[in-house]
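Here's a quick briefing to read with the model open beside you.

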Amino acid sequence: MTTSMALPPSYADTPTLLVKIFGKDRPGITAGLFDTLAAYGVEVVDIEQLVTRGRITLCALVTAPDAGLATEGELRATVHNWAESMRLEAEIISGVGDNHPRGMGRSHVTVLGQPLTADSTAAIAASITATGGNIDRIFRLAKYPVLAVEFDVSGTETAELRTALAMEAARYGVDIAVVASGLQRRAQRLVVMDVDSTLIQDEVIELFAAYAGCEEEVAAVTTRAMRGELDFAESLHARVALLAGLDVSVVEKVRADVRLTPGARTLVRTLKRLGYQVGVVSGGFTQVTDALQEELGLDFASANTLEVVDGKLTGRVTGEIVDREGKARLLRRFATEAGVPLGQTVAIGDGANDLDMLNAAGLGVAFNAKPVVRKAAHTAVNVPFLDTVLYLLGITRDEVEAADDADGVLAEYGEAPATGHPEPSTR
């Protein structure tokens, strides 16, 4: 005995009607419309519904009525009478077949604005059109801590679209991420991020330097290294040498001084809920990253280690240096250990020593990064909230908050005040 799978119906040559309903939303509208249509023996081909500020737009693509039951004109009259009784407007358009298939080359365009203006939105839409793309759908991912909107685009290649929109992002001061559509977007199961000025707001070596009385000197070298003006390993040794003689008790003080970036807890917590593995790689020190790993429940962590002898920092580091090439190497190692293809990883960083890691990942995100990094990364986020990276993965703020509410978690953001920006919590 053999079995066969039923194939979906084909409506290629079938007369169809697009029924559009507009008006004030209230319970029962969707049920009421389809109760009305049910009397005419129609089949549902497609449905889409949107509610914005209490106004509903309901579109139903259905087959024309069964000729033995009624005429199209009778269906039209009945639908209009029902809509009028509900104080709604109705429009019915005759046609043939299903929706036109989406074009090849599909992408998700995520736009982060603080604020998002009409000018920038117009420029983004025009740029998409200029590349040959079509906007199939637009919806809001989040209203705070920034406004995040996603455009589903078809008909143009992701790389071409990314190049075109990068110019609009720079011109209008918005963040635009373009990623290819498909299952791989949801399948990215490893996120690796830099620590200093990414996961945390501080540069750890500068926190140590403050206790050694050489903060300004170390900060100047750090800035040059992050811009790519100095070899990282050389600059690391030079800065660490200035810490020689510090008592090891300073480590606990530095740990207490560390400030998480706003949204860091939310980012890690949400990714872990989704089954992602999360790691950090740092040109800083294990004396701090080990504590962060325990505090946040990170799966992977690697950094340099300050040498301690007789309770004092020697001014040297031990073991393999975590530099630019080292970070990319560790990303690959973590991916292998996690069983995740490299193309399904996400890397986040801000400095020149993060570039190899960002370019090796499936999605490289420059977070409040130096210009050289913003230009080279797949996408850039220039708002001070780390959890906005979730929007690039298609995760909405409502989904994050619903999960927090279910788990009884105190969110990092309160409701946005009158200024439109929330008050962040960093600890």
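Two strands pair if DSSP finds at least two bridges between them. Helices (H or I, at least four residues) and strands (E, at least two) are DSSP runs, numbered from the N terminus. Keep in mind that this is a predicted model: local features need pLDDT of at least 70, side-chain atom pairs count only at pLDDT 80 or more, and totals for chains, interfaces and linings use all residues. Residues are numbered from 1 along each chain as its sequence is written, and side-chain values use heavy atoms, with hydrogens and water left out.

**The sheet**

- Strand β5 (residues 106-113) and strand β7 (residues 147-154) pair in the antiparallel sense, over eight bridges.
- One spot to look at is Thr-110, whose bridge partner in β7 is Glu-150.
- Take in the whole open sheet and you get four strands in the order β6-β7-β5-β8, with antiparallel pairing.
- At the edges sit β6 (134-142) and β8 (175-180), each pairing on one side only.
- Ignoring direction, neighbouring strands of this sheet are turned by 20 degrees against each other on average.

**Helices across the sheet**

- Axes are lines fitted to C-alpha atoms, for helices over the stretch in contact, and angles run from 0 to 180 degrees between N-to-C directions; contact means heavy atoms within 4.5 Å.
- Helix α3 (residues 118-130) lies across β5, β6, β7 and β8, and runs at about 15 degrees to β7.
- Helix α4 (residues 158-172) lies across β5, β7 and β8, and runs at about 180 degrees to β8.

**A helix pair**

- Helix α10 (residues 250-257) packs against helix α12 (residues 286-296) at an angle of about 50 degrees, with the axes 10 Å apart.
- That makes α10 oblique to α12 (under 35 degrees counts as roughly parallel, over 145 as roughly antiparallel, 65 to 115 as roughly perpendicular and the rest as oblique).
- Who makes the contact? From α10 it's Val-251, Val-254 and Arg-255, and from α12 it's Gln-287, Val-288 and Ala-291.

**Leu-358**

- You'll find Leu-358 in helix α14 (residues 355-360).
- Leu-358 is buried, with a relative accessible area of 0% (buried means under 20%, exposed over 50%, partly exposed in between, with a 1.4 Å probe and protein chains only).
- Leaving aside neighbours within four places in sequence, Leu-358 is in contact with several residues, including Ala-347, Ile-348, Val-365, Val-373 and His-378.
- Val-346 is twelve residues from Leu-358 along the chain, and their C-alpha atoms are separated by 7.9 Å.
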